[in-house]
Amino acid sequence: MKNVIVQLWNGELCPVSKSGLNNEEQRKLEALVHNARMELEESLLAEQQELLDAYISCQAKLLCMREDQAFLDGYSLGTRITAEALLESEKE
């Protein structure tokens, strides 16, 4: 069995990819966002569409950065909790 850290590093594990798959509220919200975007795009002029595309691209990059940071923060916290638990069990 491979080390979990190695699997994460190699991209063999992707915890975020399963995020929200069974969340009905999230699926409904994603459908609403998609429908709203389609309606908006149909009503925009070419220049406005370019501006919207640039905005959406920046928002997507920002979201990815936030997701990465949330993963790192969670991983760091989990590691500290594990280390603390191991150190406490060694003292006993």
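How exposed is Glu41, going by its relative accessible area? Glu41 is partly exposed, at 23%, where buried means under 20% relative accessible area, exposed means over 50%, and partly exposed covers what falls in between (1.4 Å probe, protein chains only). The model here is a predicted one, in which local features need pLDDT of at least 70, side-chain atom pairs count only at pLDDT 80 or more, and totals for chains, interfaces and linings use all residues. Residues are numbered from 1 along each chain as its sequence is written, and side-chain values use heavy atoms, with hydrogens and water left out.

**View 1. The whole chain is built from helices.**
The protein chain has 3 helices and 0 strands, helices (H or I, at least four residues) and strands (E, at least two) being DSSP runs numbered from the N terminus. Read along the sequence, that gives the pattern α-α-α. The chain is more spread out than a compact globule, because its radius of gyration is 20 Å, well over the 12 Å that the globule rule gives for 92 residues. That radius is taken over C-alpha atoms, and the rule is 2.2 Å times the number of residues to the power 0.38. Along its principal axes, the C-alpha trace spans about 70 × 25 × 25 Å.

**View 2. Here is the surface of the chain.**
The accessible surface comes to about 8400 Å², and 61% of it belongs to carbon and sulfur atoms. Areas like this come from the Shrake-Rupley method with a 1.4 Å probe; for residues, only the protein chains shown count as cover.

**View 3. Glu24 and Arg27 pair up within helix H2.**
Their side chains meet in a salt bridge (2.5 Å, N to O), a term that calls for a side-chain nitrogen of Lys or Arg within 4 Å of a carboxyl oxygen of Asp or Glu. Both residues lie in helix H2 (residues 24-43), 3 residues apart, about one turn of the helix. Glu24 is partly exposed at 42% relative accessibility, and Arg27 is partly exposed too, at 39%. By the salt-bridge rule, the count for the model comes to 3.

**View 4. Arg37, Glu41 and Asp53 are linked in a network of salt bridges.**
Start with Glu41 and Arg37, whose side chains meet at 2.7 Å, N to O. These two sit in helix H2, 4 residues apart, or about one turn. Arg37 also reaches Asp53 through a salt bridge of 3.9 Å, N to O. Arg37 counts as partly exposed at 33% relative accessibility, and Asp53 counts as partly exposed at 35%.

**View 5. A nonpolar patch sits on the surface.**
Ile5, Phe71, Leu72 and Tyr75 make up this patch, with about 380 Å² of accessible area together. Patches are made of residues with over 30% relative accessible area and no salt bridge: like charges are joined within 9 Å, and nonpolar side chains (Val, Leu, Ile, Met, Phe, Trp, Tyr) within 5 Å. Which helix gives the most to the patch? Helix H3 (residues 46-91) does, with 3 residues. Tyr75 lies in helix H3 and is partly exposed, with a relative accessible area of 36%.
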